[in-house]
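Good morning, and thank you for joining.

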Amino acid sequence: MTKTLFDKVWDSHVIDTIEDGPQILYIDQHLIHEVTSPQAFNELEERAIPIFRPKQVMATADHNTPTINQHLPIKDELSRNQLNQLSINCDKNGITLYDLGHKYNGIVHVISPELGITQPGMTIVCGDSHTSTHGAFGAIAFGIGTSQVAQVFASQCLLLSKPKSLRITVNGKLKNGALPKDVILYIISKLGTNAGTGYFCEYAGDVFRNMSMEGRMTVCNMSIEMGARGGMVAPDETTFNYLKGREFAPKESVFDKKINNWKTLASDEGAVFDKEYFFDASDIEPMITYGTNPGMGIKVSEKIPKVNDASFQKSLAYMGFQQGESLIGKPINYVFIGSCTNSRIEDFRIAANYVKGKKKADNVTAWLVPGSRLVASQIIDEGLKHIFDAAGFKLRQPGCSACLAMNDDKIPQGEYCVSTSNRNFEGRQGQGARTILSGPLVAAATAIEGKIIDLFKTRN
Amino acid sequence: MEKFKFLQSTAVPLDIENVDTDQIIPARFLKATDKNGFGENLFRDWRFDKNGDANDSFVMNSEKYTGSILVAGNNFGCGSSREHAAWALNGYGFKVIVSSFFADIFKGNSLNNGLLPVQVSEVFLKELMTLIIKNSKTEIEIDLEAQSISVKDTGLAEFFEIDSYKKRCLIEGYDDIDYLISKKEMIKQFELSRP
Ligand code: SF4
C-alpha cells in the first residue's frame, strides 16, 4: 500500500488503537516553556505521578522574557515568578532548561532545530501552536494544550485520532524578492484560515525543494494559521546538510545510518491525499495582511478586496482601513523583525542586505529581535549588527517579544506595526495595536521608508 | 474532571466569526502558574475598554443574556494553543460552546476540561443565533448521551458528533492521564522494540 510521508511517521509511532476511539501515539521529543507548563507540573505533583521520560523533554524561557537587560532580575513580579517556577520544576524533575542568559536560550521553535534536537521522522510536541515549525525536517510536530503537556509528562504519549492528509504543491520558480513568508501568506490568503482544520499538511513541489531549511521552517510555522495542526516537508540533502555537526544531532557513523533511514521519509509515488491544492510559483509576490486574521492578505501591489460581511467589516474597522484601498504609501511607525516565523539568521541577512547603506525613517521605531542567543551572536559575527546600528535599528535580546506582547515590547494603541510574526489578531501586539504581517524584506523596506512601498516594482 | 451528561440553560449569543484564543484570553493574562482566576479576564478587551470601563455594546455586558451556553460564530477558538482559553470560559461559568466549526487544539483543550464543544450545521447555528438574539429567555437542552441539542418548545434540534472515547470520558469524568498510565507496560515495550 502506498503511504504519505505523514502516514509513515505517524504509523511508526502508534502503540495501540482504542476501539472506536483515538490511538496512543508515542512522542519522541517534548519541548516546554514557562507559560503553558506550570499547570501541567502542578497536575502531576497533585496526583503524585512522576515525569516518565525527563531526558526527552527540553525547556526554554521565551514567551515572557524581557529583550533588554536580560542579566538583571526581571522587573514584573508575575513574569519573574513564572520563570522561577519553570526553573524549580525543571530542577526537581531532571529536565534540561536553557534558561534566560544560557548560551542556548531562545524561542523554543528556533533553538530546537538549531541545536539539532529536531530531526526527521520524529514526533515532537510543545504547548505552543507554532510547534508546526519543526515539520520542516520531515517530523510530525504539533502544538498541544496544557492537559496534553501533563499527559506527555506522565506517559510520553498522547491519545489522538489520526488527522486527514492534505498536500499543497507549489511548482515553478519564485520571482526575485518573493520569500518563503510570501509563499505561505499567499497560500493562506487563497485557502483561508480554516482550510486545514482536521488535516496535516505536506508541502511539495520545486519551491519547497529549492528552499533553505530556514525558509521551510517559516512555511511550516504558519501551517496552523490555515487551521492545519502541522505541516511537513520531506527531508532531503538540504535537511541533512543543515543537521550535520549540530550540537545534539547524531554523530559520524550513527548520522550516516540515520540518513539512510531518513531518505525513506517521502510520500510514495501515487500516495493518496484527502485533499490537494496546487499553486504556481510565478503568481507569488511580496505579501502583506490588511485585516485581523492571517488569511486577510494581499500582494503589496493589490487593493483590499470588497466583501459584504459583518466580520470582514469589523476587522477593517479595527485596522482603520477601507475596502478597495491600496496600502502603498500608508505611514507606519513600528517595524518588528522577529518571532519564530522570521528570526533566524537568514531573515536578518535579508533585512541587512536591503538596509545596508540606508537610514531608517525618523518616524519609525524598528525592533530586531533574534530568535536565539546563537542567532544574536551570528548577527554580530557576520557584521550585520554594524549595518543595523548604522541604519538606526535596535538589536534586542532574543525572545518572543512583540509577537505576543507578554513582556514590555508592546505596540501602542492604534499604531500600525509591520511585523514578520505570524498573527495579526486584534490586540496581539498590544491592546489596540494594528498588525500588518509581512516578510523580512517588506518589513525592512517599511522601516527605511516610514511607509509601505511597492518594493517589487523597483526590483523586477 | 467534572462529569457532564445533560444541561438545560439559556445562552449568550456571540455572533462573531473566527474568534481566536487571543481574544478569549489576551496574552498579558497568561502569567499565572495555576488554573484559577482566568474567568475574570474572559474576552477582556471586548468586555472592557482601556480604562477598565465596561463596553456596553458587548453582548456579555448585557444583563439580558445569561446562561452557561455560549453560542458563537464559525471557526471558534482558532490561533494560540493556550488552554487558558478553556479555563477562562470554564471559570466564567460556561459549560457548553456551540459553533459551526471549532479549531482543533481548542476543541481538544475544552474536552480535557469538561467544557463541551457542540458542533452544529451552519443552518442550525444561524437559526439558533437568531432565536436567542430575539428572545434571551430561549432554553436550550444539550443531551450528551443522545448527542443532541434542541431548543425547547420550537422543534429546532440537531444531533452532533463526538468521539465515543471522549464522550465516555466526559460522562464518567475521567481523563486521558488515567488511561495512559494504565498502559505503561505497553509503552515501555514499544520503547524497547524501536531501533
Ligand atoms: S514567537 Fe510568537 S508565535 Fe512564536 S512561540 Fe513565541 S509567541 Fe508563539
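D16(A) stands opposite I24(A) in strand 2 of chain A. Before I continue: this is a predicted model, in which local features need pLDDT of at least 70, side-chain atom pairs count only at pLDDT 80 or more, and totals for chains, interfaces and linings use all residues. Residues are numbered from 1 along each chain as its sequence is written, chains are lettered from A and ligands numbered from 1 in the order in which they are written, and side-chain values use heavy atoms, with hydrogens and water left out.

Strands here are DSSP runs (E, at least two residues), numbered from the N terminus, and two of them pair if DSSP finds at least two bridges between them. Strand 1 and strand 2 (residues 23-26) of chain A pair in the antiparallel sense over three bridges. They belong to an open, antiparallel sheet of three strands in the order 1-2-8 (chain A). Its edge strands, each pairing on one side only, are strand 1 (14-17) and strand 8 (157-160) of chain A.

A second open sheet, with parallel pairing, has five strands in the order 5-4-3-6-7 (chain A). Strand 5 (96-98) and strand 7 (140-143) of chain A are the edges. Three bridges join strand 4 (residues 57-60) to strand 5 of chain A, and M58(A) has T96(A) as its bridge partner.

Methods. Helices (H or I, at least four residues) and strands (E, at least two) are DSSP runs, numbered from the N terminus.
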